[in-house]
Amino acid sequence: MEVKEVTLDSLLSEVQGLKAEEYRLIQICATKVNEDEYEILYTFGDRYDEVNLRFSVDGKTPIKSISHLYWAAFLYENEIHDLYGIEVENMVMDYRGGLYRTAEKAPFK
Amino acid sequence: MATRSVVPFGPQHPVLPEPIHLDLVLEDEKVVEAIPSIGFIHRGLEKLVEKKDFNEMVYVAERTCGICSFGHGYGYVDAVEHIMNIEVPERAQYLRTILFEMSRLHSHLLWLGLLADAFGFESLFMDTWRIREQILNMFEEATGGRVIFSINKIGGLRKDIPNEMLLSFVDRLDGIEKETRVAAKSFLEDSAVKSRLCGVGILTAKEAEELGCCGPMLRASGIRRDTRELGYGAYDDLDLHITTSNKGDSYARTEVRLGEIFQSIDLIKQAVKKIPDGPFDTPVKGFPNGEYMSRIEQPRGEACYYVKANGTKFVTRMRIRTPTFANIPALTKILQGCDMADVPIMIVTIDPCISCTER
């Protein structure tokens, strides 16, 4: 599995580039590395080929939404917020923690 | 000027076997906006990687859903097998492909029944579920289970399926094909059914692509993409004809799923003809270390299984991106501008599986 490591700041320009090349969004997910580090993995597809972008965050710094470029990203971003407690800025549809009705707040944190 | 009102739809509704909620913003009887809301049955299965080792997680993955259970187990073991560089015996690859296509058959027949039930055609609903029952019987004979099969393991399968049994399945599939063709006539030619499906919930190819759709939802909008073309399992050796339609409406989604039933029967017959003799599993040593994303074509569309492992017996992450999760944004799009009375049918035509989506 090939993954291109990016940074929080370079994410949007990378995603803009993929959008211009008509890549589709396949998925976004978070992985907890340790108490202070989370990986955010974005997967895009060009028919059957895939491109993976990844960066690390500390869990307290908000990440930027890509939902203005890929509208469907709002569901994945709300999921990351609700399960990991990572803030996502400027989502086109922000459920404010209400996408998943979990008994415990941010259970995957 | 039309009056605007917000009508809550679900989470409990006669047409929904599982809970999803929509806030429907209406102008008189027309829907102008639909805001989806899920999370009523979130189980946090992915979190179980902390408690179940990488072999036990096969059972957890299978329990993601009672309809696509075989595919979920397959997706997970495929990811782990790639991480561990395990060469799965050819016979196991063929058997997995046959079981996968049987899963697609029973899933699509279940959906046809739910669709018939949604527009009140009860005898058609019972007929399609009667046909489906034969597939469940075949599953029971082959694996011992009708819903959860537990036949997948890392490195192959837990048990073989004898060639004689596979040949008896082919005989029974001839009867299933014949019966499904009769039911298909009602779905595709009955004027009352067509009046409920034709021109309802149109999704153009551009919209389907932009909204990240997958599966029959995507193919019914004219896009020819099917993850089986990646060639996993035995698909590389089989002749796969992808069913598409250009209409993009609820009728097209029905047409595509019906086409896929006949295609699955054909794929099973091809696989039974070509299946080699030999071992059906391979011994597995050590623990996985690395990451992989497996993508497979579930009955509802492309599903992704991301597994990350660090060389211990517990994987650090298992993430499942289910097809319904990818199709929810498109549902909100097709609901815009529709009549309130068509909302239940349109929700059914995306074939939502909330159990998968919530995980």
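A residue is called buried if 20 or more other C-beta atoms lie within 10 Å of its own, exposed if 12 or fewer do, and partly exposed in between, with the C-beta atoms placed from the backbone. By this count A:E22 is exposed, since 10 other C-beta atoms lie within 10 Å. The structure is a predicted model, in which local features need pLDDT of at least 70 and side-chain atom pairs count only at pLDDT 80 or more, while totals for chains, interfaces and linings use all residues. Residues are numbered from 1 along each chain as its sequence is written, and chains are lettered from A and ligands numbered from 1 in the order in which they are written.

A:E22 lies in the loop between α1 (11–20) and β2 of chain A, where helices (H or I, at least four residues) and strands (E, at least two) are DSSP runs numbered from the N terminus. The phi angle of A:E22 is near 65°, which is a positive value in a residue other than glycine. A:N90, in the segment after β6 (88–89) of chain A, also has phi near 65°, again a positive value in a residue other than glycine. A:N90 is exposed, with 12 other C-beta atoms within 10 Å.

Chain A also touches chain B. Two residues are said to be in contact if their C-beta atoms, placed from the backbone, lie within 7 Å, and in this sense 19 residues of chain A are in contact with 25 residues of chain B. On the chain A side, strand β2 (residues 24–34) gives the most, with six residues. The residues of that side divide into twelve nonpolar, four polar and three charged, where Ala, Val, Leu, Ile, Met, Phe, Trp, Tyr, Cys and Pro count as nonpolar, Asp, Glu, Lys and Arg as charged, and the others, Gly among them, as polar.

Turning to the interior, we meet the nonpolar core, a set of buried Ala, Val, Leu, Ile, Met, Phe, Trp, Tyr and Cys residues joined through C-beta atoms within 7 Å. The largest such core has 137 residues, and those with the most contacts inside it are B:M57, B:Y76, B:Y305, B:V307 and B:A330. Helix α3 (residues 90–118) of chain B gives the most to this core, with 13 residues. If neighbours within four places in sequence are left aside, B:A330 is in contact with B:L203, B:A208, B:L211, B:C213, B:M217 and B:I350.

The next residue along, B:L331, is found in helix α10 (residues 323–335) of chain B, and with 23 C-beta neighbours inside 10 Å it counts as buried. B:L331 touches B:P36, B:I347 and B:I350, not counting residues up to four places away in sequence. B:L331 and B:L211 are 120 residues apart in sequence, yet their C-alpha atoms are 9.6 Å apart in space.

Another pair in chain B is formed by helix α5 (residues 163–189) and helix α9 (residues 250–274), which pack at an angle of about 165° with their axes 10 Å apart. This makes α5(B) roughly antiparallel to α9(B). The contact is made by residues including B:L166 and B:V170 of α5(B) and B:I265 and B:I268 of α9(B), and its residues divide into 14 nonpolar, two polar and three charged.

Two further places in chain B complete the tour. B:R295, in strand β6 (residues 289–298), is buried, with 23 other C-beta atoms within 10 Å, and B:R295 touches B:T227, B:L230, B:E302 and B:C304 when residues up to four places away in sequence are not counted. Finally, the peptide bond from B:G10 to B:P11 is cis, with omega near 5°, and B:P11 has its place in the loop between β1 (4–9) and β2 (21–27) of chain B.

Definitions and conventions. Axes are lines fitted to C-alpha atoms, for helices over the stretch in contact, and angles run from 0 to 180 degrees between N-to-C directions. Angles under 35 degrees count as roughly parallel, over 145 as roughly antiparallel, 65 to 115 as roughly perpendicular and the rest as oblique.
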